[in-house]
Amino acid sequence: MLRPWKLEFEIDKNLDKAVYLQIADTLIADIRSGRLKAGDALPGSRNLAATLKINRNTVVEAYQVLMNEEWVISKERKGIFVSDQLPSLHEKRTERIKNIPDPSVSSNGIMINFDDGHPDSKIAPVTELARAYRQIFSIKAKWQMMGYGNEHGETEFRKMISQMLNHQRGMQIHENELSITRGSQMGMFLTAQTLLTPGDHIIVENPGYQPAWQAFEYAGAQLLPVDVDEEGISIQSVEKLLTEYKSIKAIYITPHRQYPTTVTLSLARRLKLIELSNRHHITIIEDDYDNEFHFGYRPILPLSSFPELKNYVYIGTLSKVVAPALRIGYLATKNQDLLEKIGSLRKIIDVHGDVIMEQAVLQLIREGAVKKHIKKATVHYKNKRDFVFSLLKNHMSNIADFTLPEGGLAFWIVPKKTMDWDMVTAILLEKNIKIIHPKQYSRGHINGFRLSYGALSEEQLQHSIPIISEVITKLSESL
């Protein structure tokens with residue numbers, strides 16, 4: 001198809017505006033001026049990337065912005081075309097906070113979302129997973145997998161998970177002490193429903209992971225929040241609560257990289273927590289949500305790997321490792337009575353898991369594809385972490401405290417002044433930047449936020465972090 005129109009555009013690397021937004025704005029200007037008319041075809045992403053000497057993904061992002069805002073449409077097997085019905089050409093009227101500049105107007109409506117730690121779906125081994133899934137589905141004995149399976153998951157898959165936990169995380173788990181779930185949140189719900197009863201108390205980290213709190217409260221338990229410092233959950237506070245409440249049934253913790261602050265529970269506190277768990281006969285629910293992505297010498301071993309610990313439920317996931325949309329999690333416990341109850345409840349909810357997907361992931365693990373992906377992804381996220389750290393040092397070192405995390409997909413940022421987070425999040429939303437409001441981590445006020453970088457591109461990070469810094473700076477000056 002002939003595309004006579006030629007983009008007259010030169011990338012300006014001195015601009016704060018991301019390159020993909022520069023491209024999108026140039027195209028919008030040409031559409032507004034009439035140089036590009038309804039039905040005109042745009043250059044293919046490969047050709048435009050070659051012309052501008054940039055990565056093709058940058059052009060794809062620019063085109064995605066244009067499609068999201070309805071300036072262009074995509075026609076299958078034909079290309080990208082200027083829309084027949086263009087969006088309104090009026091500027092959105094919003095009341096700005098006085099003296100706070102608005103550099104985000106260049107984002108043209110695309111939302112930059114700092115989620116709670118999602119991985120980068122663009123590097124997921126989707127092709128390998130799809131191939132393995134097709135192979136498993138089409139094998140001669142596929143009829144054997146069409147019936148109901150074990151409520152805890154396929155035996156061979158559980159064997160592989162137990163081997164992974166034993167070899168890589170120092171645990172001593174048999175496959176009959178494992179249950180495969182549809183994501184870690186299902187594991188949390190099953191644990192809460194079978195372990196807790198109305199009137200029970202459970203100790204949780206504060207700030208902490210509210211979806212887990214909701215699962216505990218849904219089971220009728222009452223939360224006892226305990227503050228977190230640079231060494232993790234306060235053991236002194238835990239001890240005090242254990243003397244005050246006789247109905248404490250469990251402690252929920254994220255010791256490897258505490259959610260949301262990313263701090264690691266110190267060895268001294270780990271050992272003391274194990275001793276308290278054994279003495280008071282309470283269960284430690286350990287959520288090891290991002291063990292794989294560790295950038296130091298080796299990840300800290302789970303509390304559940306300590307042979308001294310008598311009562312625990314260890315919860316993990318493969319969703320961050322293989323693909324975000326893959327809902328495969330697991331829980332491990334030595335408590336066979338609890339595991340039997342979990343299996344019975346699982347039958348009521350779901351009968352059994354996705355047998356074919358379990359077999360497909362098992363094949364990827366055996367082939368070494370998962371190990372290869374983790375190695376590749378770790379390098380990818382380490383580089384991105386270092387990139388974000390350099391941006392934070394340049395733009396936030398004078399206004400906030402933060403540390404370089406040894407793993408995971410997020411930073412914890414604490415402004416030096418106490419912020420009005422309703423105002424911070426509202427202003428950032430005006431600028432098409434979304435951060436998670438700190439109230440979603442805490443029961444009570446907390447002056448910090450989680451900056452998750454895993455799913456965002458370097459251009460999005462480079463565009464948004466200076467804006468976040470500017471907003472915090474201006475509001476700090478007004479205090």
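1. Start with I161. Leaving aside neighbours within four places in sequence, I161 is in contact with L178, I180, L318 and Y330. The model is a predicted one, and these contacts should be read as belonging to it. I161 sits in helix α5, which covers residues 155–169. Its relative accessibility is 1%, and I161 therefore counts as buried, the cut-off being under 20%.

2. I161 and Y330 are separated by 169 residues along the chain, yet their C-alpha atoms are 8.5 Å apart in space. For the chain in general, 73% of the contacts with a separation of 6 or more are between residues 24 or more positions apart.

3. Some overall figures follow. The chain has 479 residues, of which 54% count as buried. It contains 14 helices and 15 strands.

4. Which residues have the most contacts inside the largest nonpolar core? They are L42, L66, F114, I413, L451, L461 and I468, in a core of 61 residues. Taking I468 from that list, and not counting residues up to four places away in sequence, I468 touches F114, M396, L428, I433, I435, F449 and L451. There is also a second, separate core, made of 49 residues, and L178, I235, I253 and Y314 are among them.

5. Next, a sheet. Three strands form an open sheet in the order β12-β13-β15, with antiparallel pairing. The edges are β12 (400–401) and β15 (449–452); each has a single partner strand, so one side of each is left without a neighbour in the sheet. Helix α12, residues 369–396, packs on this sheet and touches β12, β13 and β15. The direction of α12 makes about 15° with that of β13.

6. The pairings can be followed residue by residue. β12 and β13 run antiparallel and are joined by two bridges, with D401 standing opposite V414 in β13. Strand β13 (residues 410–415) pairs with β15 in the antiparallel sense over four bridges. On that side, F411 has L451 of β15 as its bridge partner, and I413 stands opposite F449 in β15. I413 and L451 were both listed above for the largest nonpolar core.

7. Is β13 largely enclosed or open? Five of its six residues are buried, so β13 is largely enclosed by the rest of the structure.

8. The last point concerns a helix pair. Helix α8 (residues 235–244) packs with helix α9 (residues 267–280) at an angle of about 10°, and their axes are 10 Å apart. Angles under 35 degrees count as roughly parallel, so α8 is roughly parallel to α9. On the α8 side the contact is made by I235, V238, E239 and L242; on the α9 side it is made by R269, K272, L273, L276 and H280.

Key. Residues are numbered from 1 along each chain as its sequence is written. This is a predicted model: local features need pLDDT of at least 70, side-chain atom pairs count only at pLDDT 80 or more; totals for chains, interfaces and linings use all residues. Side-chain values use heavy atoms; hydrogens and water are left out. Buried means under 20% relative accessible area, exposed over 50%, partly exposed in between (1.4 Å probe, protein chains only). Contact means heavy atoms within 4.5 Å. A nonpolar core is a set of buried Ala, Val, Leu, Ile, Met, Phe, Trp, Tyr and Cys residues joined through side-chain atoms within 4.5 Å. Two strands pair if DSSP finds at least two bridges between them. Axes are lines fitted to C-alpha atoms, for helices over the stretch in contact, and angles run from 0 to 180 degrees between N-to-C directions. Angles under 35 degrees count as roughly parallel, over 145 as roughly antiparallel, 65 to 115 as roughly perpendicular and the rest as oblique.
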